[in-house]
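Let's work through a few exercises together, one step at a time. Take a look at the chain below, then try each task before you read its solution.

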Amino acid sequence: MGLFLIQVITATLRHEPGGLGRAVRGLLISFVGSAFALASAKLLIAATDALSASVVSYTMGTNIRGVGDKLGFTSLVSVANPALAMIFSIVILCATVIVWAAMMTRKIMILIAAVLAPLAFAGATADITRSWVRRWIEFVAAMIVSKLLLVIILSVGVWVLNGAGQAGSEATQ
């Protein structure tokens with residue numbers, strides 16, 4: 001309401017009747033957008049999760065829970081040097097923690113964005129804060145799509161480790 005009043009006062013002081021129309025339009029966007037934004041974000045998150053599960057199912061032939069079995073690094077067992085096997089194990093563990101931390105950070109940022117959605121859409125009522133809506137939408141879309149991109153990258157990596165694209169088993173392959 002405060003941003004609406006700022007827009008009305010600014011339009012009145014500038015003798016700009018179009019500013020009043022923008023304030024009313026922004027108020028409508030604020031009310032409808034706040035309710036619609038959270039519902040659509042929830043649907044997009046569910047769609048992204050389903051797409052991610054489908055990508056994993058198609059590329060690895062398993063579900064999300066079975067990915068660990070596909071990533072069983074059998075070549076790590078054949079490493080003769082125990083120090084080298086330890087270093088590889090630490091690298092794999094660090095990579096796993098980094099991916100987990102990225103997904104937890106994504107989840108926290110989506111929750112924070114959901115809490116701030118009414119404030120972002122309230123910015124539609126004033127000219128000085130009109131960009132808040134676009135920035136909120138861009139941020140939430142980037143956070144939602146990031147999981148699918150990570151799953152695609154990991155799937156390509158597993159394909160490479162499993163020998164995707166190899167025509168034979170010669171040493172040159």
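Residues 24 or more positions apart account for 62% of the contacts in the chain with a separation of 6 or more, where contact means heavy atoms within 4.5 Å. This is a predicted model, in which local features need pLDDT of at least 70, side-chain atom pairs count only at pLDDT 80 or more, and totals for chains, interfaces and linings use all residues. Residues are numbered from 1 along each chain as its sequence is written, and side-chain values use heavy atoms, with hydrogens and water left out.

## Exercise 1

Task: find how many helices and strands the chain has.

Solution. Start with the rule: helices (H or I, at least four residues) and strands (E, at least two) are DSSP runs, numbered from the N terminus. Now count: the chain has six helices and zero strands. Read from the N terminus, the order is α-α-α-α-α-α.

## Exercise 2

Solution. The cut-offs come first: buried means under 20% relative accessible area, exposed over 50%, and partly exposed in between (1.4 Å probe, protein chains only).

- Step 1: Thr48 lies in helix α2 and, leaving aside neighbours within four places in sequence, is in contact with Ile144, Lys147 and Leu148.
- Step 2: Leu150 belongs to helix α6 and touches Val99 and Met103, not counting residues up to four places away in sequence.
- Step 3: Val24 is part of helix α2, and its C-alpha atom is separated by 9.6 Å from that of Ala124, 100 residues apart along the chain.

For the chain of 173 residues, buried residues make up 24%.

## Exercise 3

Task: work out which polar partners the side chain of Thr59 has.

Solution. A polar contact is a pair of N or O atoms within 3.5 Å; within protein, one must be able to donate a hydrogen and the other to accept it, and residues adjacent in sequence count only if both atoms are side-chain atoms.

- Step 1: Thr59 sits in helix α2 (residues 17-60), and is buried because its relative accessible area is 18%.
- Step 2: look at the backbone. The backbone oxygen of Val55 is 2.7 Å from a polar atom of the Thr59 side chain.
- Step 3: look at side chains. Those of Thr59 and Ser155 make a polar contact at 3.2 Å.
- Step 4: list the touching residues. Not counting residues up to four places away in sequence, Thr59 touches Ser155 and Trp159.

## Exercise 4

Task: find which residues of the largest nonpolar core touch the most other members.

Solution. A nonpolar core is a set of buried Ala, Val, Leu, Ile, Met, Phe, Trp, Tyr and Cys residues joined through side-chain atoms within 4.5 Å. The largest such core holds 13 residues, and Phe121, Trp136, Val140 and Ile144 touch the most other members. Helices α2, α5 and α6 each supply at least two residues of this core. As for Val140, not counting residues up to four places away in sequence, Val140 touches Ala41 and Ala113.
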